[in-house]
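Me: I have a structure here that is new to me. Could you walk me through some side-chain contacts?

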Amino acid sequence: MRQHRRTLRLLGSLLLVAMAASVTGAAPAPAASPTPLDRVIPAPASVAPGGSPYRITRGTHIRVDGSRETRGVGEYLAKILRPSTGYRLPVTAQGAGGIRLRLAEGLFGAEGYRLDSGRGGVTVTAARPAGLFHGVQTLRQLLPAAVEKDSVQPGPWLVAGGTIKDTPRYGWRGAMLDVSRHFFTVEQVKRYIDQLALYKINKLHLHLSDDQGWRIAIDSWPRLATYGGSTEVGGGPGGFYTKADYREIVRYASSRYLEVVPEIDMPGHTNAALASYAELNCDGVAPPLYTGTEVGFSSLCAGKDITYDFVDDVIRELAALTPGRYLHIGGDEAHSTSHEDYVKFMDRVQPIVAKYGKTVVGWHQLTGATPAKGALAQYWGLDGTSAEEKARVVKAAQGGTGLILSPADRVYLDMKYTKDTPLGLSWAGYVEVKRSYDWDPGAYLPGVPGGAVRGVEAPMWSETLENSGHVEFMAFPRLPGVAELGWSSAASHDWERYKGRLAAQAERWDALGIEWYRSPQVPWGAGGR
């Protein structure tokens, strides 16, 4: 009889659930399950799932050690989690359990980390603060995408149980933003920095000068910014960064463990400078400001001493503002500079960079001159680039020049996805998501020693891009794949598995308010708009 009553009660409960579903028009919500440890981007080096998940609750604390850097990472994490969870999440050096961030010597390198999760809490361990920060990005991706929203969400906030051990393949994982063709404000650059940080990018290359605009204040040559920065492609108002603006970008990037690499492109791509100061021209006549998109027509005068006084002043002031190790001197598409003058120019300019304590980075045309000892060449050629040009780059790499790989028909983020893409250019071809991801930096240029490849970088040129939404639409969904090429091992590289992990990111982009392209190559599912 008791069994009969239990059966009736169970049937009654099921009937009530069914009635509720019919009223709301929805089926009962399934039990929440945490994101598997191997679903993050970039793919971790080692994943060992197991044990119970950890649940962030109202009582969770973020525990840090006594270092200023660890507390800074803890506050960063708390700032992300508080709006969506509605929890206080105090950052403290006291207590047990919760989320723990700790520095400890170990086999983590400068940027690696270990993440351990179980019922009692989550611990991220690293040898350096950058590793802790990267571990926090992994933790962030293991939480539901709604954690990125700026209003309270229902949760639950579960982190799958197990252990991740992770360290990057390459030390240079970069993204370039061209602020010269179109100017982007400090806040717009900060927004991009936050998006880069989510995928463990660690270099922000800022293209600060070009034919269409000069974007950094130089006290000794003030018209560079006030006049040379007064326009952009299409004739817009342009703009420039004061030194305080630039310092704020550097500070903010550093707080996200990105190193700013400033670029002053020369001897070509210099019309904004030539228009600002007549004496930099060989004929002493300043050209008009330029708002078009053609390249290769401008050149500093390699035979004038004032050219090198100018370069010295610019590099001196820019180096003083830049705590990072590198300064990019461009060097590409100098079609109006003879080979003899190009070599002369680079022979005189590279020592100036060293004089002010920086390491030279240049586009791979630098290998047509004599790269300085320790210099890095950024390769932007195509699959179809001539064998002669590739051989020159390979020879330089064999001689000790490090390479950053940015093949334009793979990772130039301003290339159109298809002929129908409303933004971007197509001179390097159409670059869909699979093509952008499906190559190996370590094997891309045959003959290059393995140690010569320092990493990858995804440039974003801005001829057609005018705002953050435009930048995001071209970056997403390709940027995460470039980040994975830089971070994850070659053995983990698999398009079929990757595209499923990429599809799962769409809900997070929506939560962050990121504009993105719905590539038909990716099975977005219901999570992506």
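Reply: Some terms to begin with: buried means under 20% relative accessible area, exposed over 50%, and partly exposed in between (1.4 Å probe, protein chains only). This is a predicted model, where local features need pLDDT of at least 70, side-chain atom pairs count only at pLDDT 80 or more, and totals for chains, interfaces and linings use all residues. Residues are numbered from 1 along each chain as its sequence is written, and side-chain values use heavy atoms, with hydrogens and water left out.

Me: How many disulfides does the structure hold?
Reply: One, taking a disulfide as a pair of cysteine sulfur atoms within 2.5 Å. Cys282 is joined to Cys301, S to S 2.0 Å.

Me: Is Cys301 buried or exposed?
Reply: Cys301 is buried, because its relative accessible area is 6%. Cys282, at 57%, counts as exposed.

Me: And which hand is the disulfide?
Reply: Right-handed, because the torsion about the S-S bond of Cys282 and Cys301 is about 105°.

Me: Switching to rings: how many aromatic pairs are there?
Reply: The structure holds 26. Rings of Phe, Tyr and Trp (its six-membered ring) pair if their centres lie within 6.5 Å; planes under 30 degrees apart count as stacked, over 60 as edge-to-face and the rest as tilted. One of the pairs is Phe133 with Tyr257, which is tilted because the planes are at 40°, with centres 5.3 Å apart.

Me: How accessible is Phe133?
Reply: Phe133 has 1% relative accessibility, so it counts as buried. Tyr257 is partly exposed at 22%.

Me: Which residues do ring pairs link into a cluster?
Reply: Tyr199, Phe476, Trp509, Trp516 and Trp524.
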